[in-house]
Amino acid sequence: MLAVQGLAKRFQLPRQKGAAPATRDPRGHDGWFHAVRDVSFSCAPGEVLGLLGPNGAGKTTTLRLLSTALKADAGKALVNGVDLLQQPLLARQQIGFLSGSTGLYGRLTARENVEYFGRLHGMDSAHLKRRCDYLFELLQMQDYGSKRADQLSTGMKQKCAIARTVVHEPQIVILDEPTTGLDVMSSKILLDFIASYKALRIPLVFSTHHLHEVEKLCDRVCIINHGKTAFNGTVDELRHLGGSADLYDAFIGVINRED
Ligand SMILES: Nc1ncnc2c1ncn2[C@@H]1O[C@H](COP(=O)(O)OP(=O)(O)OP(=O)(O)O)[C@@H](O)[C@H]1O
């Protein structure tokens, strides 16, 4: 279970001579940019949660807080009962996090990249081999396992990064825009991969701009706008809010509500 309550993160604004330029974003004041102001959601075993929001809303910052790459200024996050802010190392062991930048080691092959992370997580050779065989088949990466990462296409790199994210069989999976750069066939493979986590009863959270992915996969949705949770509920509740079956209308309605 992943439970997030009132998460907040601010960044110091660079000093400026004279008055700061006027902006419609209410998050910059007192020398700070309050990127994430109040984000709350939960994702239970067997559920997939879609994190939505306009560009700059605070999705990546929220996910980076959950990955422990950033430290929250306020709020609480429980990862299978472990307090992320109090015990970040313990919480991190339970999480598989795919960041926006794939960050593969260019001189290692696709397979070596995945194996390397498995070893960092303390997996023994036999277990790691079985796990890599399984993931490379599941994500249909067998043809380029021995290709150097710096010679992979964008989509191949993305799939490799996803295999690396879950090599250690994390108990919570968090993916930042996982379908970015994937073609139709690879997107389908990835969406099936995400759906498989429901059966495994492992909570999975992913950010996306594609409402059809939410429609197809998600049980729950959290919409962030200007750093705050503007909607947190089931896909059906979101549809109901918009007064139509169309998620697009409901999403626009939530974003256009007053901040
Ligand atoms: N290290 C930082 N220092 C200052 N501002 C930052 C920093 N990281 C993010 N921000 C700002 O915080 C806001 C939220 O950024 P974030 O990357 O979380 O948005 P996002 O919802 O993931 O957007 P997108 O959909 O475009 O990926 C943006 O205005 C961004 O410029």
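The legends below describe close-up views of a predicted model.

**View 1. The two assigned domains of the predicted model.** The domain assignment divides the protein into domain 1, made of residues 1-13 + 24-94 + 171-259, and domain 2, made of residues 103-170. Taken over C-alpha atoms, the centres of domain 1 and domain 2 are separated by 25 Å.

**View 2. The side of domain 1 that touches domain 2.** Contact between the domains involves 13 residues of domain 1 and 10 residues of domain 2. On the domain 1 side, strand E8 (172-176) and helix H6 (184-200) are the elements that give two or more residues. Helix H6 supplies the largest share of this side, with four residues. By residue class, the side of domain 1 that touches domain 2 comprises seven nonpolar, five polar and one charged.

**View 3. The largest nonpolar core.** This core has 69 residues, and those with the most contacts inside it are Leu-49, Cys-160, Ala-163, Ile-174 and Val-221. Helix H5 (residues 154-166) contributes the largest share of the core, six residues. Because domain 1 and domain 2 both give residues to this core, it lies between them.

**View 4. Surroundings of Leu-49.** Leu-49 is among the residues with the most contacts inside the largest nonpolar core. When its neighbours within four places in sequence are left aside, Leu-49 is in contact with Phe-41, Cys-43, Val-205, Cys-218, Arg-220, Val-221 and Cys-222. One of these partners, Val-221, is likewise listed among the residues with the most contacts inside the core.

**View 5. Ala-161 in helix H5.** Ala-161 is found in helix H5. Is Ala-161 buried or exposed? With 23 other C-beta atoms within 10 Å, Ala-161 is buried, because a residue counts as buried when 20 or more other C-beta atoms lie within that distance of its own. Ala-161 and Glu-112 are 49 residues apart along the chain, and their C-alpha atoms are separated by 12 Å.

**View 6. Packing of helices H8 and H9.** Helix H8 (residues 235-242) packs against helix H9 (residues 247-256) at an angle of about 75 degrees, and their axes are 8 Å apart. Helix H8 is therefore roughly perpendicular to helix H9, since angles of 65 to 115 degrees are classed in this way. From H8, the contact is made by Leu-238, Arg-239, Leu-241 and Gly-242, and from H9 by Leu-247, Asp-249, Ala-250, Gly-253 and Val-254. The residues of this contact divide into five nonpolar, two polar and two charged.

Terms used:
Residues numbered from 1 in each chain as written. Predicted model: local features only at pLDDT ≥ 70, side-chain atom pairs only at ≥ 80, totals over all residues. Axes fitted to C-alpha atoms, helices over the stretch in contact; angles between N-to-C directions. Parallel < 35°, antiparallel > 145°, perpendicular 65-115°, else oblique. Contact = placed C-beta atoms within 7 Å. Nonpolar A, V, L, I, M, F, W, Y, C, P; charged D, E, K, R; others polar. Domains from an automatic or database assignment. Core = buried A, V, L, I, M, F, W, Y, C linked by C-beta atoms within 7 Å. Buried ≥ 20, exposed ≤ 12 C-beta atoms within 10 Å, placed from the backbone.
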